[in-house]
Amino acid sequence: MEFKAIAQQTAEEILAYSQDISGWKVVKSSKKITVSKKTSKLFRGNLYRIEGIIPVSTAKLSNFLYQPENRIKWDKLLKAYNVLHKIDSDTFICHTITNSFAMGSISPRDFIDVIYFKHYEGNFDIICARSVDFPGYPPTSHYVRGYNYPSGYVCSPLKEETCTVQIVANTSWDGGYAASVGC
């Protein structure tokens, strides 16, 4: 399947996750965010959905989240975020490297993802990612290759200059073994 088709399919999957109301368990709730999880059907781990309200317009938030030059500024988990190939104005392939965790006891991860931006009728946007194989970027001994199953952001208007954001995190940090593969 070509990268654009993978990206478009991923956006539809993120939309489905955002509308899914069954099986979610709230694991944290505050005035600002709600974090829910359920077992991922794609790997041995959990699918997370984080929901909150942001005091900016949908367009401004979506643009900020999508633009590659912004990602390294706001995502403190990242050590590097590089665009490898631009497919079109809404789609690109990136290489992401995380910092190590827990005082270095958890090694840095790297990911190769197709990133896609889609604007929907009703004035909401999806920015999504899914790991892909990309020529010239095989796993290396410097990082553990993580795997992003359909993951992303759904930004929806709430009122003028305020929007809701849902973050769908469907990430295997241990190298991306499918649920059907024994470990």
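**Reading side chains**

Analyst: Begin with a charge over a ring. Lys118 lies over the face of Tyr120, 5.1 Å from the ring centre. The rule is that NZ of Lys or CZ of Arg is within 6 Å of the ring centre and within 35 degrees of the ring normal. Before going on, note that this is a predicted model: local features need pLDDT of at least 70, side-chain atom pairs count only at pLDDT 80 or more, and totals for chains, interfaces and linings use all residues. Residues are numbered from 1 along each chain as its sequence is written, and side-chain values use heavy atoms, leaving out hydrogens and water.

User: Which residue lies over the face of Trp24?

Analyst: Arg49 does, at 4.1 Å from the ring centre.

User: Now rings with rings. How many aromatic pairs does the structure hold?

Analyst: First the idea. Rings of Phe, Tyr and Trp (its six-membered ring) pair if their centres lie within 6.5 Å; planes under 30 degrees apart are stacked, over 60 edge-to-face, and the rest tilted. The structure holds eight such pairs. One of them joins Tyr66 and Phe92, with 5.5 Å between centres and 55° between planes, and it is tilted. Tyr66 lies in helix H2 (residues 58-66) and Phe92 in strand S5 (residues 91-98), so the pair ties together parts 26 residues apart in sequence. Helices (H or I, at least four residues) and strands (E, at least two) are DSSP runs, numbered from the N terminus.

User: Are Tyr66 and Phe92 buried or exposed?

Analyst: Both are buried. Buried means under 20% relative accessible area, exposed over 50%, and partly exposed in between (1.4 Å probe, protein chains only). Tyr66 has a relative accessible area of 8%, so it is buried.

User: What does Tyr66 touch, beyond residues up to four places away in sequence?

Analyst: Contact means heavy atoms within 4.5 Å. Tyr66 touches Ser89, Asp90, Thr91, Phe92, Ile115, Tyr116, Phe117 and Ile127. The Tyr66 side chain has a polar atom 3.2 Å from the backbone oxygen of Ser89. The Tyr66 side chain also reaches the backbone nitrogen of Thr91 at 3.3 Å.

User: Which residues of H2 are buried?

Analyst: The helix rule comes first. An α-helix has 3.6 residues a turn, so residues three or four places apart point the same way. In H2, Thr58, Leu61, Ser62, Leu65 and Tyr66 are buried. Seen down the axis, these buried residues fall within an arc of 125°, so they line one face of the helix. That arc is taken from the directions from the helix axis to the C-beta atoms. On the other side of H2, Ala59 and Lys60 are exposed.

User: On to charges. How many salt bridges does the structure hold?

Analyst: Side chains of opposite charge can pair when their charged atoms come close. A salt bridge needs a side-chain nitrogen of Lys or Arg within 4 Å of a carboxyl oxygen of Asp or Glu. The structure holds six. One of them joins Lys4 and Asp88 at 2.6 Å, N to O. Lys4 is in helix H1 (residues 3-19) and Asp88 in strand S4 (residues 78-88), so this pair links distant parts of the chain, 84 residues apart. Lys4 is buried at 16% relative accessible area, whereas Asp88 is partly exposed at 27%.

User: Which residue meets Glu13 in a salt bridge?

Analyst: Arg130 does, at 2.8 Å, N to O. Glu13 lies in helix H1 and Arg130 in strand S7, so the pair ties together parts 117 residues apart in sequence. Glu13 is partly exposed at 23%; Arg130 is buried at 14%.

User: And which residue forms a salt bridge with Asp110?

Analyst: Arg145, with the closest N and O atoms 2.8 Å apart. Asp110 lies in strand S6 (residues 109-120) and Arg145 in strand S8 (residues 144-145), so parts 35 residues apart in sequence are tied together. Both residues are buried.

User: Where does Ser131 lie?

Analyst: Ser131 lies in strand S7 (residues 124-131). Ser131 is buried, at 5% relative accessibility. Its side chain makes a polar contact with the side chain of Asp113, at 2.8 Å. Beyond neighbours within four places in sequence, Ser131 is in contact with residues including Phe111, Gly146 and Tyr147.

Terms used: Polar contact = N/O pair within 3.5 Å; in protein donor to acceptor, adjacent residues only side chain to side chain.
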